[in-house]
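Hi everyone, thanks for making time this morning. I'd like to walk you through one model, so please have the picture up as I talk.

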Amino acid sequence: MYAQMVETGVAKVRDAHEMSPDEQAFQARVDADIKIEPKDEMPDAYRRTLIRQIQQHAHSEIVGMLPEGNWITRAPTLKRKAILMAKVQDEAGHGLYLYSAAETLGVSRDQLIADLHAGKVKYSSIFNYPTLSWADIGAIGWLVDGAAIMNQIPLCRCSYGPYARAMIRICKEESFHQRQGFDIMLTLCRGTPAQKAMAQDALNRWWWPSLMMFGPPDAESVHSAQSARWKIKLLSNDELRQRFVDQTVPQADYLGIAMPDPQLKWNETSGHYDIGPIDWDEFHNVLKGNGPCNRDRMRTRVKAWEDGAWVRDAAVAYAEKQARKAA
Amino acid sequence: MIEWPLWEVFIRSQHGLAHKHVGSLHAPDAEMAIKNARDVYTRRNEGVSIWVVRSADVHASAPSERGPLFEPANDKVYRHPTFFPMPEEVKHL
Ligand SMILES: [Fe+2]
Ligand SMILES: [Fe+2]
């Protein structure tokens, strides 16, 4: 998802008798759905895993602004431009809510950002794909924000208070994102044949990467079990992916465009859609840094940070001067 | 380069309600903290008033002290109106 394959630092989920009394007490609180708050005792591995997860999530919101920002100057109308700016600004807000949640665990924000820029921490694979046409902005809102909502709604109930509260804020804003995307797709699909073809082309390129967002199949997700135990992951990758497929296929039908999956079909027995195989080599390759836009995204981020340094320094100098004057 | 200090943000959502903690942000001074809080926490008319407080100035009770700190209230159930059973015939009490 926005945080994919988050390492927990544990080899296997430990039974109660393998835990220290402190860990047992902590697990009991989590099991009783008592929220863990910043100053509460928590196992080191829980703290470190949460920092990694929230940090990856925050970075995804921030890097996620780049593919969409690419179209702000070329949005087809002033209305679409204003909407896209508001959407991208929301994503900046999401990143900030999440950095703020991560900081409650005792890390500094500048350190988090430095880790991203040094390539030490990942962000979602999805943002390493290019936005080639205006229809991609529709596909991102509809599919990528749609997949994000799928993942984020359960996280509103996660065990860590500040993270859960950040997710609640985010979820309130996300359905605008998904609807504006679907609205773009709907307008294109009701337009000229060329416009509809643009929508189909965007769906062709974004469908599989959107499904990969949920992360590897459950059988291969080594860290999921521990995260589930800690209630910082509430539904499995495959469960979320299936829900997303089931919800999205009828929407594509309504638009009159087709998923790029010849094996996609309704399964009467299971009551779900079956899909063809996902290309996990592509996913792992993108995570390793070899997606179409990885290098470009990082270069843009680092440049923005460096170009802004004088502004940050000037603001500090001004604040110090004012404080001296007041003293 | 110095990291901007952290500020806790409190928003009053409507006239008549109290300010409520919504999160935190970084800013070089209080004025910028309020401007940033407007953009980060009130993009959809969530507020009519903003307070910002340097996070370093917030003092919190320790979770480990929770027991003794709140203990005095535990055995004073008579502070709740439900402690006093009222005869059914008696109204407006
Ligand atoms: Fe977001
Ligand atoms: Fe979004």
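Let me begin with a definition: two strands pair if DSSP finds at least two bridges between them. Strands here (E, at least two residues) and helices (H or I, at least four) are DSSP runs, numbered from the N terminus. This is a predicted model, in which local features need pLDDT of at least 70 and side-chain atom pairs count only at pLDDT 80 or more, while totals for chains, interfaces and linings use all residues. Residues are numbered from 1 along each chain as its sequence is written, chains are lettered from A and ligands numbered from 1 in the order in which they are written, and side-chain values use heavy atoms, with hydrogens and water left out.

So, chain B. Strand E1 (residues 6–12) of chain B and strand E3 (residues 49–54) of chain B pair in the antiparallel sense over six bridges. Along that pairing, B:Glu8 stands opposite B:Val53 in E3(B), and B:Phe10 faces B:Trp51 in E3(B). E1(B) is also joined by six bridges to strand E2 (residues 20–26) of chain B, again running antiparallel. There, B:Val9 has B:Gly23 in E2(B) as its bridge partner.

Put together, we have an open sheet of three strands in the order E2-E1-E3 (chain B), with antiparallel pairing. E2 and E3 of chain B are at the edges with a single partner strand each, so one side of each has no neighbour in the sheet. On average, neighbouring strands of this sheet are turned by 30° against each other, direction ignored.

Now over to chain A and the metals. Which residues coordinate the iron ion (ligand 1)? They are A:Glu61 (OE), A:Glu91 (OE), A:His94 (ND1) and A:Glu174 (OE), at 2.1 to 2.5 Å. A donor here is an N, O or S atom within 2.8 Å of the metal (3.2 Å for Na, K and Ca), and sites may look incomplete because water is not among the atoms. The four donor atoms subtend angles of 82 to 151°, so the arrangement around the iron ion (ligand 1) is irregular. Four donors count as tetrahedral if all angles lie between 85 and 135 degrees; four count as square planar and six as octahedral if opposite donors are over 155 degrees apart and all others between 65 and 115; anything else is irregular.

The iron ion (ligand 2) is held by A:Glu91 (OE), A:Asp145 (OD), A:Glu174 (OE) and A:His177 (ND1), at 2.0 to 2.3 Å. For your sequence notes, its donor residues are spaced E-x53-D-x28-E-x2-H. Its site is irregular too, with angles of 85 to 172° among the four donor atoms.

A:Glu91 bridges the two, the iron ion (ligand 1) and the iron ion (ligand 2), which lie 3.2 Å apart. Since A:Glu91 lies in helix H4 of chain A and A:Glu174 in helix H7 of chain A, the pair ties together parts 83 residues apart in sequence. A:Glu91 is buried, with a relative accessible area of 3%, and A:Glu174 counts as buried at 0%. Buried means under 20% relative accessible area, exposed over 50%, and partly exposed in between (1.4 Å probe, protein chains only).

Key
Axes are lines fitted to C-alpha atoms, for helices over the stretch in contact, and angles run from 0 to 180 degrees between N-to-C directions.
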